[in-house]
Amino acid sequence: MTGGPLDRSIDRRAFLARAAALAAASAAGVTVALPSVATASGPRATGPAGKGKPALDRPNAYVKPRPEALADPTECTIAEAAWLIRAGKLTPQRLVEAMLERISTFDGVYQAFNLVLADAAIAAARDAARRPRQGALHGIPLAIKDNYYTEGVRTTANSFLFENFVPPYDATAVARLKAGGAILLGKTQMGPLATTRATTPAGVITTVNAWAPANRNIDPGGSSTGTATAVAARMATSGIGTQTGGSITSPSNAQNLTGLKPTMGRVSASGIIPLTYTRDHPGPLARDAKDAAIMLTAMAGEDPADPRSQGLPDVPDLIDAATPVYRRDQVRLRWETRIGVLPGFADGTSAAALARQAYLAQLAAIPGVTLVEVTLPEGWSQLTGGTFNNVRLPERSEPFMPYLRSDLRGFGVSVTSWLQGALMGGNEFITGQRARLLLMERVLHELFDVCDVVVQTDPVPFDILGLPEIAFPIGFTAAGVPIGTILGGLPYAEDRLLSVVAAYQATTDWHLRRPADPSPAAMRTRAAAEAPRLTAEQVAELTQ
């Protein structure tokens, strides 16, 4: 293909300077304008919707439905449902009612939702049928993580601190999804204050993995647990979460979804209850790369309320990037891409290792892919390990100091990390920020000198750096539990990541598989079983 994705023209030095300014602003506790990150070739065209906002109503946003989707609207991807709605073969109300029926039937087992907005969703669906179609999200029902502000609707972050909080406005990301025609089905369960898998504020495990609903011990991923389970269990067409330490990619991998954590600032975090200012990333948990692209297209763009979102390169054409390219009926990559593979990534005979081996072989067979062996930069283990990772904790504690001084019980089972942050010295925080910039420089100028995207075995390093990641399914264990993987990319190179995953998904069917519904016996067993509880020590160990 001619041309190339945005990552080839990013000024890496400018991105590094921006990261330094963000760290300084966080340390000083002030809001400042961050340095702009330009492209070598100037602004990039983004389609008829204008600068920075590609249109949702474009041909590649619609996909002719599979037979399964024609038979059951809850099986539809966004792109399939959009095709049916555009063709007049499915109404938003029918789609919403089908999701609500599944919620009514099965969410007693899954416990994916904190709050279901049934009446409001049906009213919005009826209104959508009367309004002009707005694009691929028109009439699409979504699950919203409960740390996103929703106007007039309780937003708790699954915590004691916010149990009665009703925001007066929508988070920017929510407002943009609604402006694109999306319908809010409800708010989803999450780790308390976005720390672990979904539990009550007191640590009682709630949401289960949709692929193993009878076994609470099988990790559903956190902290965007409820959104992942709602989408995987066909109780929402798609949904949104946040990631500070793996909270989009981990539940997506655990539940056979495609989760996209964009570059820091690509999506405004305004109106989201914070966890870590320099690491909070809003993003979609979707069923495939095309749906993730549609969601991010709606969510992304500059926001006056969030300095992190300002001065960035224009949002590229994500929907076209997530559309497979064919030549003589064979899938090929949209852009020639070097995929970095870490030594030992696929070694062994475990189910995960075998899935990784098959995944790499499938990638290598796609024209345009070049697998290259890469080594991690010097000091990787130290710079990404627990000691330096913990420098995020003062950012967590600072906005909550009044609560920490008044009543620790408000933090519930997740209190330990807030106390750790409050007790950490300023010298440790500053040293950690310097280490982060050193890591950033080595990744940008060493690792990415030899590859365009790189396999990941842990989401945390790229969360520290604010670089984009995409999680997607590559197989299953013998017990039927999903196996996923993660690719990481250069700043603002979400289009490159989407293009690789779209090509892989065009040649595999892992992402099309859905979990079986809970059996009546499993539903009775779940209802009778006493839910286990995470201790403060377990939460401290698992917290992101």
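## Buried and exposed

Buried means under 20% relative accessible area, exposed over 50%, and partly exposed in between (1.4 Å probe, protein chains only). With a relative accessible area of 0%, W418 is therefore buried. This is a predicted model, in which local features need pLDDT of at least 70 and side-chain atom pairs pLDDT 80 or more, while totals for chains, interfaces and linings use all residues. Numbering runs from 1 along each chain as its sequence is written, and side-chain values use heavy atoms, with hydrogens and water left out.

A search of the whole structure turns up 16 aromatic pairs (Phe, Tyr or six-membered Trp rings with centres within 6.5 Å; stacked under 30 degrees between planes, edge-to-face over 60, the rest tilted). One of them joins Y149 and Y169, a tilted pair with 5.4 Å from centre to centre and 50 degrees between the planes. Both tyrosines belong to the loop between strand 2 (141-145) and helix 6 (172-179), and at 20 residues apart their pair links distant parts of the chain. (Helices, H or I with at least four residues, and strands, E with at least two, are DSSP runs numbered from the N terminus.) Are these two partners buried or exposed? Y149 counts as buried because its relative accessibility is 17%, whereas Y169 counts as partly exposed at 42%.

F411 and W418 make another tilted pair: their ring centres are 5.6 Å apart and their planes meet at 45 degrees. F411 has a relative accessibility of 2%, so F411 counts as buried; W418, as you saw above, is buried as well.

## Charges over rings

W418 also has a charged neighbour. The charged end of R396 sits over the ring of W418, 5.3 Å from the ring's centre (the rule: NZ of Lys or CZ of Arg within 6 Å of the ring centre and within 35 degrees of the ring normal). Elsewhere in the model, R86 lies over the face of Y62, with 3.9 Å to the ring centre.

How many cavities of 30 Å³ or more does a search of the whole structure find? There are four (a cavity is a set of points on a 1 Å grid over the protein atoms alone where a 1.4 Å probe fits but cannot get out; lining residues have an atom within 4 Å of a point). Helix 1 (12-28) and helix 17 (426-445) each provide at least two lining residues, and helix 1 gives the largest share, with four. By class, eight lining residues are nonpolar, three are charged and none is polar (nonpolar: Ala, Val, Leu, Ile, Met, Phe, Trp, Tyr, Cys, Pro; charged: Asp, Glu, Lys, Arg; polar: the others, Gly among them).

R308 is placed in the loop between helix 9 (289-299) and helix 10 (318-321), and counts as buried at 9% relative accessibility. A polar atom of the R308 side chain lies 2.7 Å from the backbone oxygen of Y277.

## Contacts of T74

T74 is found in the loop between helix 2 (67-71) and helix 3 (78-86), and is buried with a relative accessible area of 1%. Which side chains does T74 reach? A polar contact of 2.9 Å joins the side chains of T74 and D72, and another, of 3.1 Å, runs from the T74 side chain to that of R234. (Polar contacts pair N or O atoms within 3.5 Å; within protein, one must be able to donate a hydrogen and the other to accept it, and sequence-adjacent residues count only if both atoms are side-chain atoms.)

Most residues other than glycine have a negative phi, and most peptide bonds are trans. Here are some exceptions to look up in the model. The peptide bond from G222 to S223 is cis, with omega near 5 degrees; S223 lies in the loop between strand 3 (183-188) and helix 7 (225-232).

N256 is not a glycine, yet has a positive phi of about 70 degrees. N256 sits in the loop between helix 8 (249-254) and strand 5 (258-261) and counts as buried at 2% relative accessibility. D329, also not a glycine, has a positive phi of about 65 degrees. D329 is in the loop between strand 7 (325-327) and strand 8 (330-332), and is exposed with a relative accessible area of 78%.

Terms used: 1 Å grid on protein atoms, 1.4 Å probe; cavity = no way out; pocket = protein on both sides within 12 Å on 5 of 7 lines; lining within 4 Å. Points joined across faces, edges and corners; volume = space filled by probe spheres on them.
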